[in-house]
Amino acid sequence: MQTLAAKTYGQVQHRTAGNRDIEYAVFDQITVDLEGVAQANDADPATRIDAISRNLRLWSLLAADLLSEANALPPETKKSLLTLSEFVRREGMKRLSDDGDLADLIAINRTIMSGLGAVRAMKTDSVQGNV
């Protein structure tokens, strides 16, 4: 029963939310978790590790998508995002092994979200005839 519900919800979500909306939502959720850990003076180590690990998985998936031939982004954009992905991987691995600052990881995610938000806004304006 749960599997059927999850499958149905996934189909509805796919029809009602575009890829950019989903990407934005995932970045937002993970970034909010990173910010929560960064702001907590005595964050539970397991919570910190979970937030950083989820961010690493997100960027690994992003890198895999960028390397796919189906990805239609311009080559220079792909290259820049792959470079950023490698930085996030290295920085994330460092932050897993120490209590260092998460500000760089958070700032990168917020920058990506800003770009995704701009694309979402452009599409909304276009659909509403505001462009």
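Me: What makes the contact between arginine 54 and aspartate 50 a salt bridge?

Reply: This is a predicted model, in which local features need a pLDDT of at least 70 and side-chain atom pairs count only at pLDDT 80 or more, while totals for chains, interfaces and linings use all residues. Residues are numbered from 1 along each chain as its sequence is written, and side-chain values use heavy atoms, with hydrogens and water left out. A salt bridge requires a side-chain nitrogen of Lys or Arg within 4 Å of a carboxyl oxygen of Asp or Glu; the closest N and O atoms of arginine 54 and aspartate 50 are 3.9 Å apart, and the pair meets that criterion. Both residues lie in helix 3, 4 residues apart, about one turn of the helix.

Me: Why is arginine 54 called buried, and what is aspartate 50 called?

Reply: Buried means under 20% relative accessible area, exposed means over 50%, and partly exposed lies in between (1.4 Å probe, protein chains only). Arginine 54 has a relative accessible area of 17%, so it is buried, whereas aspartate 50, at 38%, counts as partly exposed.

Me: Why is the pair of phenylalanine 27 and tryptophan 59 called edge-to-face?

Reply: Rings of Phe, Tyr and Trp (its six-membered ring) pair if their centres lie within 6.5 Å, and planes under 30 degrees apart count as stacked, over 60 as edge-to-face and the rest as tilted. Here the centres are 5.7 Å apart and the planes stand at 80 degrees, so the pair is edge-to-face. A search of the whole structure finds 1 aromatic pair. Phenylalanine 27 in helix 2 (residues 19–39) and tryptophan 59 in helix 3 are 32 residues apart, and the pair links distant parts of the chain. Phenylalanine 27 is buried at 4% relative accessible area, and tryptophan 59 is buried at 1%.

Me: How do you know which helix has the lowest confidence?

Reply: The pLDDT is the predictor's confidence in each residue, from 0 to 100, and helices (H or I, at least four residues) are DSSP runs, numbered from the N terminus. Helix 1 (residues 2–16) has the lowest mean pLDDT among the elements of the chain, 46, while helix 3 (residues 45–67) has the highest, 97. Over residues 1–16 the pLDDT is below 50, and beyond near neighbours in sequence this stretch has 1 contact (heavy atoms within 4.5 Å) in the model. Where pLDDT is low, the predicted coordinates should not be read in detail.

How values were computed:
Helices (H or I, at least four residues) and strands (E, at least two) are DSSP runs, numbered from the N terminus.
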